[in-house]
Amino acid sequence: MTDTHIILIGGGGHAKVMLDAALCAGVAIHGFIDDDPDAPITKLRGCPGHVGGFDEVTSRTGCCPILAIGDLELRARLIDRFGDVDFASPIIHPSAIVSASAGIALGGFVGPGAVVNADAKVCSHAIINSGAIVEHDVRVGINAHVGPRAALGGGVVVGNHTLIGIGAVVLPGVKIGSSVVVGGGAVVTQDVGDGETVVGVPARVVGVGV
Ligand code: JB2
């Protein structure tokens, strides 16, 4: 499938960032889907049209959706909902530095000024947000989000659906489980179990999900 009809799923703040990156990269966006047809993205120059509902994506030949909403739980539900639909190739801002040996999977996003270093693997639907650093041999799981200016040292593992908050630092080799929340500015020095929320310097567990 070619990406001739990329549709952004979402029209809020994150969609604006993704549209901007796509426009900078010369990637055409066919439309966006949002509950609100007047979503914030419509104020951006170059905004594509609002296209119907989710059926528009599943029924139209050649439509490739890409998640453009930040909420990781909602994103996970949408990934399930779309099932076998072919998601779009990753959108990568041209100012990002991505090693030739790194891999960015379908549905991924790499924002402006981000670095993805040698042999790093960014799984499907993951977000590497503005200015984030993903060092060599890191694995970023499915639908994980590395927030703006967060830094992952070499060999770090980030599980599926995990949020690394703005400006957090994860020391080299640390393993972070699935559905974890790392608070903004935290410094993670030890492994983190599935579902845990950690904050602070050094990061401490303050909650465990259900
Ligand atoms: O179920 C839904 C749904 N729920 C919310 N289906 C569809 N199609 N759309 C939905 N939305 C839409 O997502 C809302 O109408 C709204 O337009 C959009 C969410 O926009 P918002 O600006 O609130 O959040 P965001 O997800 O784009 O951005 C968040 O995450 C980013 C990573 C913000 O926290 C940003 O600051 C952050 N950078």
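**Domains**

I started with the spacing: the C-alpha centres of domain 1 and domain 2 lie 23 Å apart. This is a predicted model, so I'm reading everything below as computed from a prediction. For the bounds, I have domain 1 at 6-81 and domain 2 at 91-208. Next I looked up who takes part in the contact, and found 16 residues from domain 1 and 15 residues from domain 2.

**Interface**

How much area do domain 1 and domain 2 bury between them? I get about 1,300 Å², with 75% of it on carbon and sulfur atoms.

Then I went through the polar side of things. My salt bridge count between domain 1 and domain 2 is 0. Polar contacts do turn up: I have 3 residue pairs across the interface, both partners at pLDDT 80 or more.

Which elements supply at least two residues each to the side of domain 1 that touches domain 2? I noted helix H1 (13-25), strand E4 (63-67) and helix H3 (72-82). H1 has the largest share of that side, at 8 residues. Sorting the domain 1 side by class, I got 13 nonpolar, 1 polar and 2 charged residues.

**Whole chain**

For overall dimensions, I put a box along the principal axes, and the C-alpha atoms fill roughly 45 × 40 × 30 Å. Why do I say the radius of gyration agrees with a compact globule? Because 210 residues would give a value near 17 Å for such a globule, and the chain has 17 Å.

Where is the cis bond? I found it going from valine 201 to proline 202, with omega near -10 degrees. Proline 202 sits in the loop between strand E22 (196-199) and strand E23 (204-208).

My other entry is histidine 125, not a glycine, yet with a positive phi of about 65 degrees. I placed histidine 125 in the loop that runs between strand E10 (121-122) and strand E11 (127-128).

Note on methods:
Residues numbered from 1 in each chain as written. Predicted model: local features only at pLDDT ≥ 70, side-chain atom pairs only at ≥ 80, totals over all residues. Heavy atoms only, no water. Domains from an automatic or database assignment. Contact = heavy atoms within 4.5 Å. Buried area = accessible area lost by both parts, 1.4 Å probe. Salt bridge = Lys/Arg side-chain N within 4 Å of Asp/Glu carboxyl O. Polar contact = N/O pair within 3.5 Å; in protein donor to acceptor, adjacent residues only side chain to side chain. Helix = DSSP H or I, 4+ residues; strand = E, 2+ residues; numbered from the N terminus. Nonpolar A, V, L, I, M, F, W, Y, C, P; charged D, E, K, R; others polar. Rg over C-alpha atoms; globule rule 2.2 N^0.38 Å.
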